[in-house]
Amino acid sequence: MDTWQPAWIGVGSNLEDPCAQVLAAIERLGKIPRTRLVLNSPLYRSRPFGKADQPDFVNAVAGVLTQLDPMTLFRELKAIEKAMGRPEQHERWGPRIIDLDLLAQGSERRSDAALTLPHPGIVERNFVLYPLADIAPDLELPGLGRVADLAAAVTTEGLTPI
C-alpha cells in the first residue's frame, strides 16, 4: 500500500506503572515501519472493564498515518505488546502490562477471526470514546457514526482525566 491512511489505536495498562507503560507504548508506535505517530490523547484513569477485582487502568488513544495494511499494522501492535512483556496467552479483560487495540483504519470495515474493524467494543467503552473524541471528534467510524456523537451517548462514570 503506497497511500497513507489514518489509523486509531487504543492504548491501556494497569500494571507496573501504567502511565509509564502507556507513554512508552505510544512512543513505540512512532517507530513502526511506514507509520508516523501524529497525535495522542491525554491520559485517562478508568475502572476495569469486565473483571472488576484488579487495579484501575490508564488509557489513551493514538492517531497514526500508515502505509501498512490493517493486518500488518495489527501484527506490529502485537509485536510491541510482546516486546513490552505481555504474554501471548492472557486472561480476557484481566490485568495487563500493555494493551494495544487497532480501533479503526481509514474507511476499512472487516470482520474475521483475527481482526474486526472498527473495533467491536468502541460504542460502549467510555475509556476509548472520550480519548478518541479528544483528538478526532469528527471522525466517522464506518457503520457506527461520528465519534463525538458516540461519546455523548456514554457516561463518564469511572473515567477521570489524569
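Which residues of α3 are buried? They are N126, F127, V128, L129, P131, L132, A133 and I135, where buried means under 20% relative accessible area, exposed over 50% and partly exposed in between, with a 1.4 Å probe and protein chains only. Please keep in mind that this is a predicted model, in which local features need pLDDT of at least 70, side-chain atom pairs count only at pLDDT 80 or more, and totals for chains, interfaces and linings use all residues. Residues are numbered from 1 along each chain as its sequence is written, and side-chain values use heavy atoms, leaving out hydrogens and water.

**Helix α3**
- Spanning residues 126–135, α3 is mostly covered, with eight of its 10 residues buried.
- Helices (H or I, at least four residues) and strands (E, at least two) are DSSP runs, numbered from the N terminus.

**Nonpolar cores**
- A nonpolar core is a set of buried Ala, Val, Leu, Ile, Met, Phe, Trp, Tyr and Cys residues joined through side-chain atoms within 4.5 Å.
- The largest nonpolar core has 26 residues, of which I9, V11, L29, L100 and L102 touch the most other members.
- Two or more residues of this core come from each of β1 (5–13), α1 (18–29), β4 (57–66), α2 (70–83) and β5 (99–105).
- With five residues, α2 gives the most to this core.
- Apart from this core lies another, of 20 residues, including V128, A133, L139 and A151.

**Q54**
- Q54 sits in the loop between β3 (44–46) and β4.
- Q54 counts as buried because its relative accessibility is 11%.
- The Q54 side chain makes a polar contact (3.0 Å) with the side chain of N14.
- A polar contact is a pair of N or O atoms within 3.5 Å; within protein, one must be able to donate a hydrogen and the other to accept it, and residues adjacent in sequence count only if both atoms are side-chain atoms.
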